[in-house]
Amino acid sequence: MPIPQQGMTGWKPIPQLIMQNKIIYGLDDRPPLGKAVVLAMQHVLTMFGSTVAVPLLLGPAMGMDTAAIALLISSVMLCSGIATLIQATFGSRLPIIQGVSFSFLAAFFMIIATIHPEGESVTPGAAMPYIAGAILVGAVFEIAVGFSGLMGQIRKVLSPVVVGPVIMLIGLALYSAGAPIAASHWPISILTMVLITTFSFIWSRHHLIFQMFPMLLAIVGAVAVCAFCSLLGIFGPGHPARPNLDAFEQASWFRVRDVVLPWGMPKFQLGFIVAVIAGYLASMIESFGDYHACKQMAGGGDPTPEEISRGIGCEGIGCALTGILGGFSSTSYSENVGLIGLTKVGSRYVVQLGSVILILLGLFGKFGALAAAIPQPVVGGLYCVMFGLISAVGIRQFARAELSSDRNLFIGGFALFMGISVPYYFANGGSEAVQATFIDGLDDVINAIGQTGMAVAAILGIALDNLIPGTRRERGLEPQEPFTEPS
């Protein structure tokens with residue numbers, strides 16, 4: 001299932017059904033070119049929904065018009081392709097797709113809210129240089145953690161008791177991007193939600209194509225209805241559900257001038273950097289689990305510590321290039337790991353071809369413009385389903401710890417509540433109080449943390465989980481029993 005798995009962290013047990021089935025193409029195998037290209041396109045289509053959703057969410061928040069959002073989408077696709085090529089060739093060398101991580105959304109929204117305050121006229125996209133600067137510094141942190149082998153030490157202090165509430169907040173913190181956007185035209189938004197639900201959980205049981213691309217097919221179906229209604233005159237010019245192809249007509253076929261630093265030179269602010277680093281921690285834990293799942297599904301057993309270290313380090317390199325090329329931080333995509341289990345194709349050659357396709361799409365200006373034409377009600381329906389599922393994934397992660405433990409319930413509940421309540425306080429007078437109390441520089445850091453629910457929950461959760469006594473099994477750090485499908 002594409003979207004529901006995004007943002008999932010931790011080790012994911014592999015169904016015995018998958019493990020018993022023979023892999024068609026292993027890690028080092030090279031399918032015939034024609035077949036390999038088709039398999040590579042499957043990976044690109046599988047990650048399309050998640051990848052396009054983030055620019056469509058953040059672009060309007062920065063006051064971008066359709067043309068700027070089209071450039072943002074193209075930049076994200078280019079960055080995903082380059083990061084994937086680095087990962088599959090030099091990093092973990094696993095068949096794993098890199099794409100935009102939802103772990104960073106809370107930090108990015110905090111940056112955008114600071115640079116683009118409500119009611120003030122600010123240059124569209126003015127937050128992007130600050131986002132790029134924070135991504136670059138955070139990437140150096142991830143590179144250091146990866147190549148130094150510190151990942152194992154971080155895993156010891158980040159148990160499911162901490163990670164679960166943090167993931168829940170990734171989805172819950174985006175409540176303002178659900179119904180308010182869907183309300184631009186409820187009939188189309190509801191249609192989008194119905195199609196996603198039907199394709200993902202009903203038709204996917206009987207047809208492989210809906211199992212592989214439920215989100216993409218739902219988006220295409222909803223946009224097709226919007227286009228048909230526009231042709232009939234039901235949705236006139238200016239209607240929120242009418243696809244806007246102005247940017248597509250104006251976009252160049254190939255990007256040449258705006259590939260490097262499309263939003264200007266990066267800018268650096270300490271508070272923003274601290275908030276983004278919290279996203280990097282969640283992203284690294286997510287990738288740690290995906291490496292295990294990916295190599296097991298590809299028939300290669302467990303990844304070695306060296307593969308994990310190279311993977312995390314090269315992920316940091318990919319993020320650094322993302323900051324230069326105008327995209328957002330990238331991480332491994334869980335939905336594409338699931339695709340390996342469905343197709344029984346674990347060839348890194350296939351994913352390398354997929355990365356080349358992503359790079360070409362990123363340089364093909366018309367593609368970003370076409371994706372940016374997706375009507376707002378379709379996007380709103382997508383968000384309502386997607387962000388709720390991300391929160392539910394956090395619940396599942398938290399459930400890996402012993403929920404019968406009062407210790408765990410207290411830590412998880414306290415971290416979750418404060419992750420919602422503290423940002424509300426900072427948004428309603430807390431920031432001004434901090435600025436009046438603390439010295440310059442320190443107040444920016446405190447405000448950045450206080451306005452980011454994920455950071456608040458992570459700090460409180462890590463502190464309490466490691467100070468209050470608890471066994472490894474109680475904290476969810478012991479390996480789980482392999483999952484077996486019911487007969």
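I call a crossing left-handed if the near helix is turned anticlockwise from the far one by less than a right angle, and right-handed if clockwise. Helices here are DSSP runs (H or I, at least four residues), numbered from the N terminus. This is a predicted model, where local features need pLDDT of at least 70, side-chain atom pairs count only at pLDDT 80 or more, and totals for chains, interfaces and linings use all residues. Residues are numbered from 1 along each chain as its sequence is written, and side-chain values use heavy atoms, with hydrogens and water left out.

**Helix pair**

I looked up helix 3 (residues 33–61) and helix 5 (residues 105–115): their axes come within 10 Å and cross at roughly 15° (lines fitted to C-alpha atoms over the stretch in contact, angles from 0 to 180 degrees between N-to-C directions). So helix 3 is roughly parallel to helix 5 (under 35 degrees). I noted the crossing of the two as right-handed.

Which residues make the contact (heavy atoms within 4.5 Å)? Helix 3 brings V54, L57, L58 and A61, and helix 5 brings L105, F108, F109 and I112.

**Rings**

My search of the whole structure turned up 14 aromatic pairs (ring centres of Phe, Tyr or Trp, the last by its six-membered ring, within 6.5 Å). W203 and F210 have ring centres 5.2 Å apart and planes at 70°, so I logged the pair as edge-to-face (over 60 degrees).

Buried or exposed, I asked of F210? F210 is buried at 16% relative accessibility (under 20%, with a 1.4 Å probe and protein chains only), while W203 is partly exposed at 39% (between 20% and 50%).

I also found F104, F108, Y280 and F328 linked into a cluster by ring pairs.

Notes: Angles under 35 degrees count as roughly parallel, over 145 as roughly antiparallel, 65 to 115 as roughly perpendicular and the rest as oblique. Contact means heavy atoms within 4.5 Å. Rings of Phe, Tyr and Trp (its six-membered ring) pair if their centres lie within 6.5 Å; planes under 30 degrees apart count as stacked, over 60 as edge-to-face and the rest as tilted.
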